[in-house]
Each structure stands twice: as C-alpha cells, then as structure tokens.
Amino acid sequence: MEKSIQLKKKDIILIAIVLVVAIAGFLVFYLTQKNGDTVVVTIDGVIYHEYPLNKDIEVDIPGINGGTNHLVIKDGFADMTDADCPDKICVDSRKISKTGESIICLPHKVVVKIEGNTASEVDGSTN
C-alpha cells in the first residue's frame, strides 16, 4: 500500500515561515560581524605573535614537532597558504578578516585568529 504525501495549505505556510526565519537569522549573523584589525597567532595556546591586518605580511610559523605553516596577510585578509602537516585542512580554509574568525592547524597546534577593538556580536563562523 503506497501512501502519497500531500501538502496542505498550513504545511506550506509553516515551511515558508521557517525559511523566512532561517534567512533572517543568516542575515543578522552576517551583518553583525565586524572587520578585525589584528591577526593573533598562537602555538599550543601561547601567543606567538600579533600582526596588523592592514599591512601585507608573509611569515612562516613554526608549529609543534618541527612543522611549519605559511601565513599570508594581504588586502585585509589572513590566509594559511601552505603547511607541511598531513591533512592540510588549514590550507583549505577560506581567508579570514572578521572578528572572531580563525584558521586552525591541529597537527601543529597553530591557531590564527582575527581580533579587533570592537567585540563582535557573533561567537565565530564556519565554512
């Protein structure tokens, strides 16, 4: 016995309301993030260095166990362009520029995080 699913008018209205709320939530999330002004690099939880986000810089970051990550700060974005870790998830991450965003290399225990003078209303972001 095969059942056919039929949407009623109330079902369609409910789906439309859920979609509108989801889109509104995404817009609030996106519009409340502020541009950062500092790139903070930590290695194994200890601050390694802080760099201004408004200056173009390329730096090699020494990770744990002799690993290395290559960080490029250019045009107001921070990007991990190379790493000698096995999975290279940090290299595949997108460029970051908003307060609270981060790029993490777990094998090397390197975290690159954007900070700013004004706190963001959002905890963070994901790809």
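Tutor: Let us begin with Glu 101, which is buried, with a relative accessible area of 3%. Please bear in mind that this is a predicted model.

Student: What makes the contact of Glu 101 with Arg 94 a salt bridge?

Tutor: The term requires a side-chain nitrogen of Lys or Arg within 4 Å of a carboxyl oxygen of Asp or Glu. For Arg 94 and Glu 101 the N to O distance is 3.1 Å, and therefore the pair qualifies. Arg 94 itself is partly exposed, at 35% relative accessibility.

Student: What else does the side chain of Glu 101 reach?

Tutor: It reaches the backbone nitrogen of Lys 98 at 2.9 Å. Since the limit for a polar contact is 3.5 Å, this distance falls within it.

Student: Which residue forms a salt bridge with Asp 44?

Tutor: Lys 109 does, with the closest N and O atoms 4.0 Å apart. Asp 44 lies in the loop between β1 (38-43) and β2 (46-52), and Lys 109 in the loop between β6 and β7 (110-115), so the pair ties together parts 65 residues apart in sequence. The structure holds 2 salt bridges.

Student: How do you know that Glu 58 is exposed?

Tutor: Exposed means over 50% relative accessible area. Glu 58 has 59%, so it is exposed. This residue lies in strand β3 (residues 57-62).

Technical notes:
Residues numbered from 1 in each chain as written. Predicted model: local features only at pLDDT ≥ 70, side-chain atom pairs only at ≥ 80, totals over all residues. Heavy atoms only, no water. Helix = DSSP H or I, 4+ residues; strand = E, 2+ residues; numbered from the N terminus. Buried < 20%, exposed > 50% of the residue type's maximum accessible area, 1.4 Å probe, protein only. Polar contact = N/O pair within 3.5 Å; in protein donor to acceptor, adjacent residues only side chain to side chain.
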